[in-house]
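Visitor: Can you walk me through this one? I have the sequence and the model open.
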Amino acid sequence: MAVLQIATRPFADQRPGTSGLRKKVKVFQQPHYLENFVQSVFSAIPDRAGQTLVLGGDGRFYNREAIQTILRMAAANGWGKVIVGRGGLFSTPAVSTVIRARHAHGGIILSASHNAGGPDHDFGIKYNTANGGPASEKITDAIWAASKAIQSYQTLDSADVDIDQDGEFLLGDMCVEICDPVVEYVELMARIFDFAALRRLLQGPFRMRFDALHAITGPYAHEIFEERLGAPAGTVVNGVPLTNFGGGHPDPNLVYAKPLADHLFAEDAPDFGAASDGDGDRNMILGRQFFVTPSDSLAVLAAHATAIPAYRQGLKGVARSMPTSQAADVVAEALGIAHYETPTGWKFFGNLLDAGKITFCGEESFGTGSDHIREKDGLWAVLAWLSVIAHTGQSVADIVTQHWRRFGRHYYTRHDYEELPAEIGEQIIQTIIAQLPVLPGQSLAGRSIITADDFTYTDPIDGSTSTHQGLRLLFADGARLIFRLSGTGTEGATLRIYHEYLEKDTQRQQQDPQRALRDLIRLGRDLTRIESLTNRKTPTVIT
Ligand code: VG1
Ligand code: CO
């Protein structure tokens, strides 16, 4: 089979965002667009010859076509072997698992995660390195640089291969292995958790529902909850992955996973509900008539970590992304372990995990995980919660309210304004940046501001610095108001406003967060002038 050198020209918009390159499917379908980006990824990995690559995606529209293109290009670019999940499928946590288990050099994940799928929606591509985690900014910058200079790409003159049968075959000089995408991941979960104890829980009167939102976790959840843990058939709903996720947003929050939320808030609700996102790395946790914020979830799991066999020795430390509430910090201080604050995006946890500084980490955006892999992991979080429930014998609501009584409640809410005109998004951020110097010392929303800055992070392991990671207003009482533009959207700009304060008074821990945070919410609206600039009276999504 001949290697072809195809001439091309750079596209100006191939800069990876918070988590890889995400664009409309139509953008990816332009001639050479996917190929240019894949070649730029390969060019950023000069030592790839003869190495192993893991490849798979969340099954969204264009997944199968992209797999064929990438296989041909991988063969032409000298990779030794590519391990592909059967049908071209792999969840993000499973890719991370397989990279580590098989000592692969890296992996390519095809997903736009929580963004909608289908011919008119989103596609995405992300590169992970040998530790199983998202490529560092150094590598994504190299990919971006390569994409701006590209003149040609290499591919193979070959027919499509069969990705639906397990086995190994040669494509040019490269070995292709098609494997079960579920097995290795499930084995890892069985090593971390006490499956016998979870089986006892799920085979008793305890009832749960897992909503896979027609995304990638369906096959994994069926195998874990129904096959291995013996939960009744029907525990997993929407468990068949569809290329358009059944027309919804595969985003596990109260807005996009509303049917699950409604089910858990109904009269005869089950004890526990959970959902995951398009690529399986996010999680939403619900109890009967109870929603657990992701920030609280990280803190609760940290406080109860020793209930899980793999963490019985305790945690080395915990980390959270900057906009995530400080609930986990309070637990870390009580446990006498270190805590870290990183910018948004899982790639920033990689060095801390690799260096053994932290065991658990999480983000407010429904991401929780541990050092078992280098990605956030939706089903891991669900199994962790089930372990805490099995261990304590308590309901989700009791576990969380007791946690608040002990550590205080971090009232928290995030307001998203999606699909703003890009220049308005930029204008809002610049307006706040202009005010940063005069804000400290002022008293606003009934509290005094002590710091107002644009968050800069210096990685404690390699000393690298990341700037412009979000605007922070820090108040004297520990409250925070944070502003960022999303780095994963594909349409205009998405403004995220994060609000938080700590309530230690146990008599005042049962309020509606929107009410408890109303002064900060109003201040956020005023400072952004969102209503007068955009005419939007309410956010698109409130979590
Ligand atoms: C969002 C979240 C961030 C998360 C990222 C990828 O990024 O806020 O916490 O790491 O999505 O998650 P942004 O830049 O839009 O705020 V996933 O599940 O979409 O890979
Ligand atoms: Co995701």
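Guide: This is a predicted model. A place to start is the second largest cavity, which is lined by 15 residues; Pro 16, Gly 20, Lys 126, Tyr 127 and Thr 140 lie nearest its centre.

Visitor: Which elements give two or more residues to that lining?

Guide: Those are α2 (33–43), β6 and α5 (137–149). The largest share, three residues, comes from β6.

Visitor: What volume does the second largest cavity have, and how do its lining residues divide by class?

Guide: The volume is about 110 Å³. The lining has eight nonpolar, five polar and two charged residues.

Visitor: And the largest cavity, how much space lies in there?

Guide: About 260 Å³. Of the 25 residues lining the largest cavity, Thr 18, Arg 282, Glu 363, Lys 376 and Thr 488 are the closest to its centre. By class, that lining has three nonpolar, ten polar and twelve charged residues.

Visitor: Is Asp 281 buried or exposed?

Guide: Asp 281 is buried, because its relative accessibility is 3%, under the 20% cut-off. Ser 113 is also buried, with a relative accessible area of 3%.

Visitor: Last one: where does Thr 52 lie?

Guide: In strand β3, residues 52–57. Beyond its neighbours within four places in sequence, Thr 52 has contacts that include Trp 79, Lys 81 and His 105.

Terms used:
Residues numbered from 1 in each chain as written. Chains lettered and ligands numbered in written order. Predicted model: local features only at pLDDT ≥ 70, side-chain atom pairs only at ≥ 80, totals over all residues. Heavy atoms only, no water. Helix = DSSP H or I, 4+ residues; strand = E, 2+ residues; numbered from the N terminus. Contact = heavy atoms within 4.5 Å. Buried < 20%, exposed > 50% of the residue type's maximum accessible area, 1.4 Å probe, protein only. 1 Å grid on protein atoms, 1.4 Å probe; cavity = no way out; pocket = protein on both sides within 12 Å on 5 of 7 lines; lining within 4 Å. Points joined across faces, edges and corners; volume = space filled by probe spheres on them. Nonpolar A, V, L, I, M, F, W, Y, C, P; charged D, E, K, R; others polar.
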